[in-house]
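Please look over the structure shown below before reading the comments.

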Amino acid sequence: MKIYAVADIHARQRRLDCIAANVNRLSPDLVVVAGDLTSYRASSHVVRELAILPVPVFAILGNTDRKLVGRHISRSAGITSGYLPPTHDRPLALVGLNGTVPLPFRSRIALRENRKLKEIASLVTPKSILVVHTPPWGILDEVMGKFHAGSKNLLEFLRHKEPLMVLCGHLHERPGVKQLGSTRVVNCAMGHGSQGALIHWQNRGANRLAVQMLSN
């Protein structure tokens, strides 16, 4: 199975064109968008262009996506948000968490963030891919190379639940891959030369998970 993961499209046509070209070139089985499809406007054309891709799409909302974007997604065939259960061909479940922690106000909504994590806790297993917008604290979350801007609550959640993989974005400066215990964290933000990530997963062998970061 191949997954093409991106984040932070921000309604930019060049990024949408890049996604379409990579789908045609790489032939993934699934496209995942880890938030910020738009940029504070309910740009329905972004959802339309994702919906016409020749593969299924799983998308969550980021901090620049208004609720109307979620309604566009729910009305679009071929796009799923929230939860994608495992199938015979894809024995991994995808669990999505909409929204993000707006910087620099982490402490003000920590309780709300914990509540949202508790709501999805029963769905997250070691055979899950968790799709969030914000990276965990200290993992691919540096701003200007000086300080961390990820989620501490998410970090603790990952240490407890240990999903197979986390797909995130939000911090455009830090696309890449890092290991957190048994969890592979992939920041698939577009921009700064990044075109997202291509994930290869095989249901056999010890090295069944491989991530290729794509760049211009």
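1. Basis of the model. This is a predicted model, in which local features need pLDDT of at least 70, side-chain atom pairs count only at pLDDT 80 or more, and totals for chains, interfaces and linings use all residues. Residues are numbered from 1 along each chain as its sequence is written, and side-chain values use heavy atoms, with hydrogens and water left out.

2. Cysteines. A disulfide is a covalent bond between the sulfur atoms of two cysteines; here the term is applied to a pair of cysteine sulfur atoms within 2.5 Å. A search of the whole structure finds zero disulfides.

3. Burial of the cysteines. Buried means under 20% relative accessible area, exposed over 50%, and partly exposed in between (1.4 Å probe, protein chains only). Cys-18 is buried at 17%, and Cys-188 is buried at 0%.

4. Strand β6. Helices (H or I, at least four residues) and strands (E, at least two) are DSSP runs, numbered from the N terminus. Both faces of β6 (residues 93-96) are covered: Ala-93 and Val-95 are buried on one side, Leu-94 and Gly-96 on the other.

5. Partners of β6. Two strands pair if DSSP finds at least two bridges between them. Strand β5 (residues 83-84) runs antiparallel to β6 and is joined to it by two bridges, with Tyr-83 opposite Val-95. With β7 (residues 128-131), β6 pairs in the parallel sense over four bridges, and Leu-94 stands opposite Ile-129.

6. Helix α2. Which residues of α2 (residues 44-51) are buried? They are Val-46, Val-47 and Leu-50. Seen down the axis of α2, these fall within an arc of 95° (taken from the directions from the helix axis to the C-beta atoms), so they line one face of the helix. Their cover includes α1 (13-26), β2 (30-34), β3 (57-60), α3 (67-74) and β4 (79-80), where contact means heavy atoms within 4.5 Å.

7. Helix α3. Val-69, His-72 and Ile-73 are buried in α3. Seen down the axis of α3, they lie within an arc of 100° and so line one face of the helix. On the other side of α3, Lys-67 and Ser-74 are exposed. The buried residues of α3 pack against α2, β3 and β4.
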